[in-house]
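Here is a short briefing on charged side-chain pairs. Look over the sequence and the model before reading on.

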Amino acid sequence: MTTPVCTSASNGMTRPSPYPSFASYVRARQPVLLRTARSLTANPSDAEDLLQTALTKTYVAWERIEDHRALDGYVRRALLNTRTSQWRKRKVDEFVCDELPEPDSVVCAEDPAERQALHDAMWRAIMKLPARQRAMVVLRYYEDLSEVQTAEVLGVSVGTVKSAVSRALGKLREDPELVLAR
């Protein structure tokens, strides 16, 4: 059986909220929600705009949302619906011209295709690491945890984290796919 999210669809029962206000919810969950928004867009600025739009929609419905434990799902759905609407509304203007415009002679260092290829190569290299080293690298560099926090999460000493991450980075430096990226 599903739990109703909006009071208009429920029987009027109220539940205690883990977030006393909308502002406290946004402060607590913004980093996670921003990562979700970034996965939906190619540009970090667009992700921030997308999240702001979804949070605005959530704020408007805040009083109607009965089960505040489902807020993340509500915001994720707002993110997805907003992104889908933006994609559908996107209009590409085409102009006929006599000559094709030539790109600048300076090659852009931030080519999205190359950045994605490097990202994919990095994940393939990380997946080759032993599970323990892989977990430590992901916690340290992708989740941005400190060595102490990583040690606490994995239940090991800080020295173990330092040595395992050092060995993992050495293996990543030697990975043939990543050597080509340097």
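Lys 128 and Glu 177 form a salt bridge, with N and O 3.9 Å apart. Lys 128 sits in helix α4 (residues 112-128) and Glu 177 in helix α8 (residues 176-179), so the contact ties together parts 49 residues apart in sequence. This is a predicted model. It holds 5 salt bridges.

- Lys 128 is exposed, at 53% relative accessible area.
- Glu 177 is partly exposed, because its relative accessible area is 28%, between the 20% and 50% cut-offs.
- Shared partners join Arg 124, Lys 128, Asp 175 and Glu 177 into one salt-bridge network.

**Asp 72 and Arg 29**
- Asp 72 pairs with Arg 29 in a salt bridge, and their closest N and O atoms lie 2.5 Å apart.
- The pair links distant parts of the chain: Arg 29 belongs to helix α1 (residues 22-40), Asp 72 to helix α3 (residues 71-89), and 43 residues separate them.
- Asp 72 counts as buried because its relative accessibility is 16%, and the cut-off is under 20%.

**Asp 67 and Arg 69**
- A salt bridge joins Asp 67 to Arg 69, with 3.0 Å between the closest N and O atoms.
- Asp 67 is buried, with a relative accessible area of 7%.
- Arg 69 counts as exposed, at 60% relative accessibility.

Methods. Residues are numbered from 1 along each chain as its sequence is written. This is a predicted model: local features need pLDDT of at least 70, side-chain atom pairs count only at pLDDT 80 or more; totals for chains, interfaces and linings use all residues. Side-chain values use heavy atoms; hydrogens and water are left out. A salt bridge is a side-chain nitrogen of Lys or Arg within 4 Å of a carboxyl oxygen of Asp or Glu. Helices (H or I, at least four residues) and strands (E, at least two) are DSSP runs, numbered from the N terminus. Buried means under 20% relative accessible area, exposed over 50%, partly exposed in between (1.4 Å probe, protein chains only).
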